[in-house]
Amino acid sequence: SRSGHPDHIQNSLKDRVNLYEAGLIQDALRQCDYNMSNTARFLGIERSLLYKKMKKLDIVIKKEVCHK
């Protein structure tokens, strides 16, 4: 049936957007030496939103990276 087709496209788009957004956040984190305030500023978002997006997208910063 065609009724499920739009949902499949929407989920696929959502997955792709999430992957793209995760990549942008990870690149920004690297560029900002994993400093959350600088990363949020670089991306033009509030730090609290950065934390929410990282949690949603399962982006975890390893402790070794934070304690250079």
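Asp27 and Arg30 form a salt bridge in this predicted model. Their closest N and O atoms are 2.5 Å apart. Both residues sit in helix 1, three residues apart, or about one turn of the helix. Asp27 has a relative accessible area of 38%, so Asp27 is partly exposed. Arg30, at 47%, is partly exposed too.

The structure holds two salt bridges. Another pair is Lys53 and Glu21, whose side chains meet at 2.6 Å, N to O. This pair links distant parts of the chain. Glu21 counts as buried because its relative accessibility is 18%, and the cut-off for buried is under 20%.

Now turn to the nonpolar residues. The largest nonpolar core has 10 residues: Ala22, Ile25, Leu29, Met36, Ala40, Leu50, Met54, Leu57, Ile59 and Ile61. Helix 1 gives the most, with three residues.

Which residues does Met54 touch, leaving aside those up to four places away in sequence? They are Ile25, Leu29, Met36, Ile59 and Ile61. Each of these five is also listed in the core.

Finally, look at Asp58. This residue lies in the loop between helix 3 and helix 4 (63-66). Its relative accessibility is 66%, so Asp58 counts as exposed; the cut-off is over 50%. Asp58 and Ala22 are 36 residues apart in sequence. In space, their C-alpha atoms are 8.6 Å apart. Ala22 itself is part of the largest nonpolar core.

Conventions: Residues numbered from 1 in each chain as written. Predicted model: local features only at pLDDT ≥ 70, side-chain atom pairs only at ≥ 80, totals over all residues. Heavy atoms only, no water. Core = buried A, V, L, I, M, F, W, Y, C linked by side-chain atoms within 4.5 Å. Buried < 20%, exposed > 50% of the residue type's maximum accessible area, 1.4 Å probe, protein only. Helix = DSSP H or I, 4+ residues; strand = E, 2+ residues; numbered from the N terminus. Contact = heavy atoms within 4.5 Å. Salt bridge = Lys/Arg side-chain N within 4 Å of Asp/Glu carboxyl O.
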